[in-house]
Amino acid sequence: MSDCKEIVLLKCGELVLKGLNRASFEDAMIKNARRRLEGLGKFHIWKSQSTVYVEPLSPEIRMEEAVERLSTVFGIAALCPARVVPKDWEAIRAAAPDYLARDLGAAKTFKVNAKRSDKSFPMKSPEICRELGGLLLERFPHLRVDVEHPQVTVTVEIRERDAYIHKDQLPGAGGIPVGTGGKAALLLSGGIDSPVAGYMMAKRGLELIAVHFASPPYTSDRARQKVVSLAERLLPYTGRIRLFVVPFTRLQEQLRDKGPEDYFTLLMRRAMMRVAEAIALREGCQGLITGESVGQVASQTIQALSVTDCVTALPVLRPAIGLDKSEIVAIARKIDTFETSILPYEDCCTVFTPRHPKTRPRPAEVARIEEAMGLDPALLEQAAAEAELIVLTQRGMDR
């Protein structure tokens, strides 16, 4: 144990249900936690008894920032900044009042929990609760005990190596670690929905790349930067993102000029799916992700979605499919993408929008229209090949 006496305990949530695969999920979570803590200083991270321990190795490390960063790592269900003391009752009673003074001084009610996984410790859990509760009432006489709804819950954990004193657990990001569920390409627009969709699938363990379609001069550099900013907002949850910016102007103009107006959005979405699939396969992805929600706009009927899905062999994941707008907005606010998403810069999905879009198309009908238009397949291949790559990491951006 280092001279630094504060540590962070990470609780693993649903990872404990992974059976024989549990160790690989925990190892992935620890790897992601190490990456998230880069730049703050050196940490010793290990796991024992269903808990991951994060110990700072130098006193100048900002523990508040470390906890904030760890709270965005998927796989962590809860976090507990804790004081580490020897497994000795005198050490526990000496350390607890000072460590908890700020929280207990501001509270009116409290209770004490004890978890004694080391059964050789001479005091049993009820005795620890009783003795420590009495000590804290003497030190903070304004407090009263409330075992049902306390403002502060003081916990003492007697574990294999040491004892740990902490207050209420802080919520973690939950889910399963990024990288344990495969890899998928997120079609990232400048709107509210697609960043939320990326966050939701990263929470289920998917590593993300992002594909954005730009149509200058119809879309501006500010619209492009908006999408880069949205991808950066996702980095605390996803880790590194490879963002591909696809030049889409020529394709959009041909779709506008050669196709029927009411089918334009469908034809555009099918072209996007084909280009995104080409990039996804090149990047080793196993699926595509979009932010669509059934019925939210005219192009998101179940018939329209089936028409766009049938042009790709990859599964299309739509985690927001059953959410209404208020639910999507709530998640966007939580992950800090909402204010960026509502900046008034156009994206290519709003270019050449038809007055009366087709809402109940049939796949065979749309395929016949595409055949009659005679679009050059090389345009799709060229768009995928000429996509600009921007690599986004916590440390900055590379092109």
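What you've loaded is a predicted model, where local features need pLDDT of at least 70, side-chain atom pairs count only at pLDDT 80 or more, and totals for chains, interfaces and linings use all residues. Numbering runs from 1 along each chain as its sequence is written, and side-chain values use heavy atoms, with hydrogens and water left out.

**Whole chain.** Start zoomed out. Along the principal axes, the C-alpha atoms fill a box of roughly 85 × 40 × 35 Å. Switch to cartoon and you get 14 helices and 16 strands; these are DSSP runs numbered from the N terminus, with helices being H or I of at least four residues and strands E of at least two. Of the 399 residues, 52% are buried. Take contacts (heavy atoms within 4.5 Å) between residues at least 6 apart in sequence: 79% of them join residues at least 24 apart.

**Select Asp336.** Asp336 sits in the loop between helix H11 (325–334) and helix H12 (338–341). Is Asp336 buried or partly exposed? Its relative accessibility is 45%, so Asp336 counts as partly exposed. Check the backbone too: phi of Asp336 is near 65°, a positive value in a residue other than glycine. Most residues other than glycine have a negative phi, and most peptide bonds are trans.

**Select Pro216 and Pro217.** Here's another backbone stop: the peptide bond from Pro216 to Pro217 is cis, with omega near 5°. Pro217 belongs to the loop between strand E11 (207–214) and helix H7 (221–238).

Rings of Phe, Tyr and Trp (its six-membered ring) pair if their centres lie within 6.5 Å; planes under 30 degrees apart are stacked, over 60 edge-to-face, and the rest tilted. By this rule there are eight aromatic pairs. One of them, Trp46 with Tyr53, is stacked, at 4.9 Å centre to centre and 5° between the planes. Tyr53 also pairs with Tyr164: the centres are 5.6 Å apart and the planes are at 45°, so this pair is tilted. Tyr53 lies in strand E3 (residues 51–56) and Tyr164 in strand E8 (residues 163–166), so the pair ties together parts 111 residues apart in sequence. Trp46, Tyr53 and Tyr164 form one aromatic cluster. Trp46 is buried, Tyr53 is buried at 2% relative accessibility, and Tyr164 is buried at 1%.

**Select Glu283.** Next, go to the loop between helix H9 (264–282) and strand E13 (287–289), where you'll find Glu283. Glu283 has a relative accessible area of 15%, so it is buried. Which residues does Glu283 touch, not counting those up to four places away in sequence? Show Lys183, Ile209, Arg242 and Phe244.

Methods. Buried < 20%, exposed > 50% of the residue type's maximum accessible area, 1.4 Å probe, protein only.
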